[in-house]
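The stops below are given in the order in which to select them.

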Amino acid sequence: MINVSRFESPFRQVHLDFHTSPNIKNIAQDFDPEEFATILEKAHVNSVTCFARCHHGMIYYDSKLFPERIHPHLKNKDLLKEQIEACHRHNIRVPIYITVQWDQFTAEEHPEWLAVDGDGKPFGNTIFEPGFYRILCVNSPYRDFLKKITKEVLETFPVDGLFFDIVKPTPCACKHCRKEMEKLNMDPSSFQERMRYGFMMVNEFKEDMTNFVRQFNKECSIFYNKGHVGPAERPVKHSYSHFELESLPSGGWGYLHFPVTMRYVRTLGLDCVGMTGRFHTFWGDFHSFKNKAALEFECFQMLALNAKCSIGDQLDPKGKLSEPVYDLIGSVYSQVEEKEPWCREAKPVTEIGVLTPEEFEKEKDMYIAPSLMGITRMLQESAHQFDIIDSQSEFSKYKVIVLPDFIPVSDELSDKLGNYLDNGGALIASFQSGLNESKEYFNLKQLGIELVGEAPYSPDFIIPRDKIGKGMPKTEHVMYMKGLEVRPLDKTEILGDTAIPYFNRTWKHFCSHKHTPSSGVLAYPSILKNDKVIYFIHPIFAQYEKNAPRWCKQLFLNALDMLLPEPLIRHNGPSTLLVTLNEQVKENRMILHLLHYIPERRSQDIDIIEDVIPLYNLKVSLRLPQSVKSISCVPQNENLKFEVVNNRIEFTVPSVNGHQMVELQLK
Ligand SMILES: [Zn+2]
């Protein structure tokens, strides 16, 4: 059921940074409101986030409460006001940016509001390093200041939305946090406890701030940014109107962060916006340009994964937007606009759920496990349709659930998984997944195995038997990472064996440059199957993320094929093709997204996309529960012939030039 009251973000947004040093003069002297809005409109932008207060702590409007914080060289004190008025005349939305935990002015004027570590030192950069990264504690009286300025903004402007930046859990040991922790019987001297409290406190802050904002404005969008959204945000999602996923692939996040995060966040029920940048690298990379093909991929991937688009830019101190930058943005956003009708309220069609390890890594903020990245790669490279989920998610909508490498199973999760399996579900687990929280025994009887201990040899070698070894030689395949040794229970079938080396490599005995070869002795099982549950003893997903052995992927895909013999999608294209399937219920149609852009590690620091490599005559086969009336490439409206073979719909897409959507109109 579609929740009609859900906040829907615009599709084509710009996040317009304006962290501007107080040492620069003539701020906004060339700002022309009409020109500003016209450049945005010409670039097909329909929402621009503008600045009330930046990380330098400078204010860009005529604040009556805090005149000392207005940028000392701001030529036009109505900068924000005129940005909003001009954009509204052009039907462009203007959410307002307010910095939270990074504020250089406040850090200097109110050092007593800074978060401190166990040694009493502030977090972030030192006094003599350039940067505004000292973290303020929102448990201090700073919170009252934040409310005052937020209230002033809400009472001064027509506020479409508020973007609160840098709101993250901090293991703070300031006197305010210590006092509150003691009230909760928590030990402030323990780092782990401070981190745990940090998560609780930052969520309490968000609830408090949202309630405060709602006293003045019931409608505006509200988002709290920390550069990542994950399971930590689930308990406090009611404080958000939507999620924005800051993820600049060349700015430290990499190309996997967005799909991994988005596939989880879209299951939480709020509207989502993906946020990349027009910069070559990171925020504040002035006078740089992203390659157009890269910007296309990043935006079109957002559409394919059910997000709206936001591109980060920074306004020049003099207040003029760069026309070449907006030519670039416009060249992509004009295409996004044409694609929008097939993306509006589109919901993902998925059949595999992957449990995220992030939920169980409570002390690590912004941590994405290599195992999660590895399985995301494997599933994307094979066109499988999947979500990333947590233990609170609804399991019954998935045909297969995967527990990659490190998913501890509590009694509660064991019951939930057991119930899912009893009702026809299937499961794949690897390595430590399925062990109880203290890793002493397997806490899911459906695995059909018993823990013996750590594998005695590493590296050791998988020899796949017939079923699991489809398309593979029946010989040793090295597994670089150490696995577990397990014993099969009664009915459990062995799908693969483990050959052990002559000896482990130590100073006493070693062979050649790398690991010792196989002795040919089969010592313990490597892959086991009990009814509809398959278990791998090795961390195959973390291994794939580490150095991508093709055989790790092949073994996993073969296991998946045994449990899901008729997947939603098959195609004859390369593994670099990204395929997603969405449904638009109102329009009674499915939308297939085909994306072919290849990020290449072309520099020491970052992956680069420069070219579009077209694909021709791509054969696609879909298994849909519904019958199809017509199929066409959109938005160009090119009709495609199709046939139904063995309950699968088969058709050929003549060409994929970067991104192609295919509409399947249902009967
Ligand atoms: Zn504190």
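Helices (H or I, at least four residues) and strands (E, at least two) are DSSP runs, numbered from the N terminus. This is a predicted model, in which local features need pLDDT of at least 70 and side-chain atom pairs count only at pLDDT 80 or more, while totals for chains, interfaces and linings use all residues. Residues are numbered from 1 along each chain as its sequence is written, and side-chain values use heavy atoms, with hydrogens and water left out.

**Stop 1: a strand residue**

Select lysine 619, which sits in strand β26 (residues 615-622). Buried means under 20% relative accessible area, exposed over 50%, and partly exposed in between (1.4 Å probe, protein chains only). Lysine 619 is exposed because its relative accessibility is 52%.

**Stop 2: aromatic pairs**

Rings of Phe, Tyr and Trp (its six-membered ring) pair if their centres lie within 6.5 Å; planes under 30 degrees apart count as stacked, over 60 as edge-to-face and the rest as tilted. Across the whole structure, 25 aromatic pairs are found. Select tyrosine 142 and phenylalanine 145: this pair is stacked because the ring centres are 5.8 Å apart and the planes are at 20°. Both residues belong to helix α4 (residues 142-156), where they are three residues apart, about one turn of the helix. Tyrosine 142 is buried, with a relative accessible area of 0%, and phenylalanine 145 is buried at 6%.

Next, select tyrosine 240 and phenylalanine 243, whose ring centres are 4.9 Å apart with planes at 50°, so this pair is tilted. Tyrosine 240 and phenylalanine 243 are both buried.

**Stop 3: salt bridges**

A salt bridge is a side-chain nitrogen of Lys or Arg within 4 Å of a carboxyl oxygen of Asp or Glu. The count by this rule is 44 salt bridges.

Select glutamate 85 and lysine 81, a salt bridge with its closest N and O atoms 3.4 Å apart. Both lie in helix α2 (residues 79-89), four residues apart. Glutamate 85 is partly exposed at 36%, as is lysine 81 at 35%.

Move to glutamate 204 and arginine 143, which form a salt bridge at 2.8 Å, N to O. This pair joins distant parts of the chain, with glutamate 204 in helix α6 (residues 191-214) and arginine 143 in helix α4, 61 residues apart. Is arginine 143 buried or exposed? Arginine 143 counts as buried because its relative accessibility is 10%, whereas glutamate 204 is partly exposed at 36%.

Then select lysine 467 and glutamate 493, another salt bridge, at 2.8 Å from N to O. Here lysine 467 is in the loop between β15 (460-464) and β16 (477-479), and glutamate 493 is in strand β18 (residues 493-501), 26 residues apart. Lysine 467 is partly exposed at 48%, and glutamate 493 is partly exposed at 30%.

Finish this stop with Arg6, Glu8, Asp271 and Lys308, which salt bridges link in a network.
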